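The following explanation is intended to be read alongside the sequence and the model. Please keep both in view.

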Amino acid sequence: MIHRSVCRLCKADCGILAVVENGRLVGVEGDPACPLNRGALCAKGQALPQLLYDPDRLDGPLARDGEGFRPVSWERALDEMAAALVRIRTKYGGAALATYEGASFSRVNTQAYIRRFLHYFGSPNRTGTESLCVAPKYVAARATFGPGLLPTGDFARAEVILLLGANPAVTAMHRYLRAMDDILAAKEAGGKLVVVDPVYTETAAKADVWVPIRPGTDLAFLLGLIRLVIEENLYDRDFVARYTVGFEDLARAVREYTPEAVERLTGVPGSCLRQVARLFAGAGRAVADRREGLMHGRQATQTNRALLLLAAVCGQVDREGALRFTPSLSLNRKVLAEDRLPADAVFFARDRFPFGDEAGLLPETILSGRPYPVKALIVTAGNPVMAWPNTAKVIRALRELELLVVIDLYRTETADLAHYVLPGTTCLERNDLSTNSLMPYPLVRLAARVLPPKGEAWPEWRVFNELGRRLFGNGYAHASEEAFLEDLLDGSGVTLGALRDGPEGVVYGEVRPGRYLESGFPTASGKIELYSHMLAQAGFDPLPRYEAQGPAPDGEYPYHLITGSRLAAYSHSTLMNLPWLHDLSERPCAEVAPDLAEAQGLRDGDEVRVVTPQGAVNLPVKVLNASCRKVVLVRHGFGHTAGGRLAVAKGGANANYLTDDLANDPLAGTPAYRDGVCRVEKMAQERR
Ligand code: SF4
């Protein structure tokens, strides 16, 4: 039998056809009817059956027993957890509980039932992986276009595509697998692709112009582009006059970013800056877009703002072939029970970062007890030991908790530190909603359960529902997952029945270029805010300005360190235990720039120690085939010590032993994973 559903192994949410025979998943195919993947499926999606039947998956709930664990029934685990939570709330208050969701899990309905649980408990402290990555682009878009509007690039119709910190040839951009196909189609039609990236990526290899920029300086590059398009009268005067505010302020703010100054800051020659400025501003339809490379710097939000401002002054917003907006589905906020939160319940890092819910700051809060104690953490399908910056500190902090609960498929590194480890589900063993305004289509689907959960696993919804029933009484709980989803969809114009009857999804709105140019933007001024009133009111610079921040490469740490980039075969630190995927990547390495390799006499395969102020890891070297200078790249997600036999066998090193949890974007609080410094020590080599 063939079931239509959605792959949720990454956030691309590809439509799939799941083939089930005799109650067993025997294959997965891409759904040709899904506009996001149009029948395609990546290797991860194809490996779904291996995930479902992985013998290393957790069998049942575990409770801590000294240094190890003992099996425990669901009933007992939930009773004990509820008792511990009551104790913690009585002693420290409701805000002493925080939650964290991993990348493959944090979605509209999962966030909703976790928020609901927290709000009943009295805590504002929900975090997820979006706080580690996408937050700056949300804040930048809100500061520029107003709340709820996040633009995506209309690649297929663009004449020029300018990408910064993005590698869509490897990781799905804007949550659809076919983004790179659309970019290549635009190129086929005569368009030009410009890729700005310190590393010669798979996408850079397809570019007409590759700009190898010094890490952490994209903001200076973008301000230089804006200055040039203004200086050379290449900007769209009519668009700027009709739809934006703050042009004169912006023109003044970018005056200092001459090509010469930008070259000094970024390493990008002035001639290249001029070439890119003229190419972009000269196009009738152009997209300026970005991905995680622009989220992980020390000025990530202002860098994202500068990208939007470049598009705006060139008139490339809310138009075909430019940046455009997907409406979001309005869901029933009543289920969140926000009115139950005490008025003084404030997210633990809000005093330092007004616009983000940053997870990576939890260790500092747990260890310092400031601004208030956080003593309990529930982690759902996430792995802070691998994902959060400054791993040594993360481990110290998690050990301090009075209650750590991990719901996961595997006994991960974080689960190893937990008091309770609960077996969760794959995306084919639970019902989810799939919808997101980050996608280029206003589509909502039921990511439908195809098979019952394996063994004793529970859908995560049920864990929170039953824990909530114990803590808040029967009035809290929903009778079923379906009842919760119906509540959530209530008033949205879409029903669960419609999603069941039409598993290919329901289109709930339209992407109509020009909509906001006609109706106005939901900002204070009603226009695109080159000068952001939202930021000014919050006491921040309303205009982006480049500031050299953090430690510059120096004698002790002479190289730029980039961490956080991923490989196509895995989703963050997950899926390495699946045999098909295990073999799809080489041994993890420290990838180093050729000038660095030459200076230190390094060849491929040599063992090195990469050292930062936070820690050190040992890795073999691979010399990058590119002209970038003084750059070291340590990819994210490797170095498992738990989570399945093959995952551990994959080897490598956890890049977050090198990263700094307190180097953050000042607005969103996101960590500067790609803006570090390091040194490289050559180790005594074994004879090869
Ligand atoms: S791109 Fe993501 S959602 Fe699509 S098949 Fe691969 S893992 Fe699944």
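The paragraphs below go from the whole chain to its domains, sheets and local backbone features.

This is a predicted model, in which local features need pLDDT of at least 70 and side-chain atom pairs count only at pLDDT 80 or more, while totals for chains, interfaces and linings use all residues. Residues are numbered from 1 along each chain as its sequence is written.

The protein chain contains 23 helices and 27 strands; these are DSSP runs numbered from the N terminus, helices being H or I of at least four residues and strands E of at least two. Along the principal axes, its C-alpha atoms fill a box of roughly 70 × 65 × 50 Å. For 688 residues, a compact globule would have a radius of gyration near 26 Å, and the 24 Å of the protein chain agrees with that. The radius is taken over C-alpha atoms, and the globule rule is 2.2 Å times the number of residues to the power 0.38.

The domain assignment divides the protein chain into domain 1 (2-52), domain 2 (62-133 + 330-428 + 456-478), domain 3 (151-325 + 513-537) and domain 4 (559-682). Such bounds come from an automatic or database domain assignment.

An open sheet of 3 strands has the order S1-S2-S3 with antiparallel pairing. Strands S1 (2-6) and S3 (24-30) stand at its edges with a single partner strand each, so one side of each has no neighbour in the sheet. From one strand to the next, the twist averages 30 degrees. Strand S1 is joined to strand S2 (residues 15-21) by 5 bridges, and the two run antiparallel; two strands pair if DSSP finds at least two bridges between them. Ile2 has Val19 of S2 as its bridge partner.

The ligand has 13 residues around it, of which Cys7, Cys10, Cys14, Cys42 and Gly45 come nearest. A residue is near a molecule or strand if its C-beta atom, placed from the backbone, lies within 6 Å of it. The shell around the ligand comprises 9 nonpolar, 2 polar and 2 charged residues. In this classification Ala, Val, Leu, Ile, Met, Phe, Trp, Tyr, Cys and Pro count as nonpolar, Asp, Glu, Lys and Arg as charged, and the others, Gly among them, as polar.

A second open sheet has 7 strands in the order S5-S4-S17-S16-S15-S6-S7, with mixed pairing. Its edges are strands S5 (68-71) and S7 (126-128); each has a single partner strand, so one side of each is left without a neighbour in the sheet. Neighbouring strands here are turned by 20 degrees against each other on average, direction ignored. Strands S6 (residues 97-101) and S15 (residues 376-380) run parallel and are joined by 5 bridges, with Tyr100 having Val379 of S15 as its bridge partner.

Two helices lie across strands of this group. Helix H3 (residues 74-92) lies across S4 (62-65), S6, S15, S16 (403-408) and S17 (420-423), running at about 140 degrees to S16. Helix H4 (residues 108-121) lies across S6, S7 and S15, at about 175 degrees to S6. Axes are lines fitted to C-alpha atoms, for helices over the stretch in contact, and angles run from 0 to 180 degrees between N-to-C directions.

The C-alpha centres of domain 2 and domain 4 lie 28 Å apart. Across their interface, 28 residues of domain 2 are in contact with 27 residues of domain 4, contact requiring C-beta atoms, placed from the backbone, within 7 Å. On the side of domain 2 that touches domain 4, helices H13 (362-368), H14 (384-387) and H15 (391-400) each supply at least two residues. H15 gives the most, with 3 residues. By class, this side of domain 2 has 14 nonpolar, 7 polar and 7 charged residues.

Two local backbone features remain. The peptide bond from Arg370 to Pro371 is cis, with omega near 5 degrees, and Pro371 is found in the loop between H13 and S15. Asn233, a residue other than glycine, has a positive phi near 55 degrees; Asn233 lies in the loop between helix H7 (218-231) and helix H8 (237-243).
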